[in-house]
Amino acid sequence: MLRHDRVRGTDLLLMPERVVVLRGSAGAVLRLCDGRRQVETIVAELAERFPDASVATEVPEFLGRMREEGWIR
């Protein structure tokens, strides 16, 4: 479950018995993971929002690590 912590001013990934504090644009990326969008679609949407960022390589790598950790499916 993804939540925004107003006190810390950051996004949190809430899991059973664990809380992960997300930094940078990690929350924006994970908000797009809704079970309908494919990685390519997420990359395209973020590329439009952040044209100067290297989302084409960083986002798939980030999502791959999140899957490896078991934090997303």
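What covers the buried residues of α2? Helix α1 (26–31) and helix α3 are included in that cover. The model is predicted: local features need pLDDT of at least 70, side-chain atom pairs count only at pLDDT 80 or more, and totals for chains, interfaces and linings use all residues. Residues are numbered from 1 along each chain as its sequence is written, and side-chain values use heavy atoms, with hydrogens and water left out.

**View 1. Packing of helix α2 against helix α3.** Helix α2 (residues 39–49) and helix α3 (residues 55–69) pack at an angle of about 135 degrees, and their axes are 9 Å apart. Helices (H or I, at least four residues) and strands (E, at least two) are DSSP runs, numbered from the N terminus. Axes are lines fitted to C-alpha atoms, for helices over the stretch in contact, and angles run from 0 to 180 degrees between N-to-C directions.

**View 2. Residues where α2 meets α3.** From α2, the residues V39, I42, V43, L46 and A47 meet V55, A56, V59, P60, L63 and R67 of α3 (contact means heavy atoms within 4.5 Å).

**View 3. The two sides of α2.** I42, V43 and L46 of α2 are buried (under 20% relative accessible area; exposed is over 50%, partly exposed in between, with a 1.4 Å probe and protein chains only). Seen down the axis of α2, the buried residues fall within an arc of 100 degrees, so they line one face of the helix. The arc is that of the directions from the helix axis to the C-beta atoms. E40 and E48, on the other side of α2, are exposed.

**View 4. P16 in a loop.** P16 lies in the loop between β2 (10–15) and β3 (18–22). P16 counts as exposed because its relative accessibility is 76%.
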